[in-house]
Amino acid sequence: MTDTVNIAIVGGGLMGREIAAAIQRWPALVDHPVRPRLRAVCDINPDALEWFRQIDGVTLLTTDADEVFADPSIDVVYIAVRHDLHEDLYTRAVRAGKDLLAEKPFGIDAGAAERVIAAAAETGAFVRVSSEMPFFPGAQTVVDYVRSGAAGRIVAVRSGFLHSSDLDPDKPINWKRQARFCGEAGVMNDLGMHAWHVPLRLGLAPQRLTAQLVDLVPDRPGPGGERVPVDTWENAAIHADVAQGDGQHPLEVRVERVSPGNKNTWYLEVIGMDGGARFSTASPKQVEVFAMVDVAGSGPEQSWQRIEVGSQSVWPTVTGGIFESGFSDAILQMWAAFLAERAGALGDRFGCARPEEALAAHRLADAAIRSHRDGIRVTPADDHT
């Protein structure tokens, strides 16, 4: 029997509309134990609510989040607002008895994340954090490859999220370019969870790290055309040591908002002594697998073999396995994983980012800031600055 779960969205912008569209596509999932229904949408801008009128079943459109939290019919809230508003809204949601899929970052800083986690623990709310990119089928192929042990002793891991939304220096300033709204961590708040989700899930937590943070555009046009200072980091490169048996291996994590040539590219690469695998959303159908192969007439040679993955990811869909997958499919898969795990039906499938992983991402960002500021290697667990 399929259980109905009533969903509310707080924040009717780009991602709010994307989530609403994913819920409408729910019948594409095969034998999912839950059937979500979008019932309420909140945004402080009344004009943003108009788009949601076309969705059958929405009974509440409001500019007041408390109306959503007070509605006893709402089971789950998805919240996508400015980073400085996360802690307040997340805490109010779980204390109102709602389960939560929270946008990243999990609060504006580590302290905020800790307080939200405490509130969720007090209430028993089921909470996860949005990170959709690992739900591409190619990403899941790499995850499964690594978990199988086929790579052998790890040599190096690379993970990152690169896009070019701030490439134009004359793009008007917005809240993501101001630390009071986005947080001191800048791009690491905005994009970091995407890059840390899989390494942390695979147990690749850094012992020490070195970071280089980059400020490329010092000011941008303000509302009146005047140049306004930009005080957040646009790009970050983190180089870390990860324990492995009696040794260690390097982990490189990059997040960039000014990345020429990358519109919106997430990637993951794991290389080992016995094999390796890598995937990038820049080529969403392709996964590359490394192995030694026996070449006729030459003997053993190193080889990167390119394979094409189809549409299937964490939860099976009616889409033919031979067809391609894209961003909206990854969103659907993330929600399928979230609601299946909430229902106790995810099993050993890959799940959404957990609050403790989001907190770890905050602490890694804090360590990166200290490393860049002081020019030193930092042990994240010991970083309390």
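Figure 1. Of the protein's 385 residues, 53% count as buried, where buried is under 20% relative accessible area, exposed is over 50% and partly exposed is in between, using a 1.4 Å probe and protein chains only. This is a predicted model, so local features need pLDDT of at least 70 and side-chain atom pairs count only at pLDDT 80 or more, while totals for chains, interfaces and linings use all residues. Residues are numbered from 1 along each chain as its sequence is written, and side-chain values use heavy atoms, with hydrogens and water left out. The fold has 10 helices and 16 strands; these are DSSP runs numbered from the N terminus, with helices being H or I of at least four residues and strands E of at least two. The radius of gyration is 21 Å, close to the 21 Å from the globule rule for 385 residues, so the protein is as compact as a globular protein of that length. That radius is taken over C-alpha atoms, and the rule is 2.2 Å times the number of residues to the power 0.38. Along its principal axes, the C-alpha trace spans about 70 × 55 × 40 Å.

**Figure 2. The largest nonpolar core.** A set of 113 residues makes up this core, and L38, M188 and W335 have the most contacts inside it. A nonpolar core here is a set of buried Ala, Val, Leu, Ile, Met, Phe, Trp, Tyr and Cys residues joined through side-chain atoms within 4.5 Å. Helix α9, residues 327-342, gives the most to it, with 10 residues. Zoom in on M188 and you'll find M193, L213, A236, I238, V255, A365, A368 and I369 touching it, leaving aside residues up to four places away in sequence; contact means heavy atoms within 4.5 Å. In soluble globular proteins, nonpolar side chains tend to be buried together.

**Figure 3. K176 and its loop.** Look for K176 in the loop between β7 (154-163) and α7 (179-182). With 24% relative accessibility, K176 counts as partly exposed. Leaving out residues up to four places away in sequence, K176 touches C182, D190, T232 and R257.

**Figure 4. F181 in helix α7.** F181 sits in helix α7 and is buried, at 15% relative accessible area. Its partners, not counting residues up to four places away in sequence, are R82, H83, D84, I108 and W175. One of them, D84, is 97 residues from F181 in sequence, yet the two are 5.0 Å apart from C-alpha to C-alpha.

**Figure 5. V258 and its neighbours.** The loop between β12 (247-256) and β13 (264-272) holds V258, which is buried with a relative accessible area of 10%. V258 touches H163, D166, L167, L216, E234 and N235, again without residues up to four places away in sequence. D166 is 92 residues from V258 along the chain, but their C-alpha atoms are separated by 5.4 Å.

Figure 6. Most residues other than glycine have a negative phi, and most peptide bonds are trans. K104 and P105 are joined by a cis peptide bond, with omega about -5°; P105 belongs to the loop between β5 (99-102) and α5 (110-123). D31 isn't a glycine, but has a positive phi of about 55°. You'll find D31 in the loop between α1 (14-24) and β2 (34-42), where D31 is exposed, with a relative accessible area of 71%.
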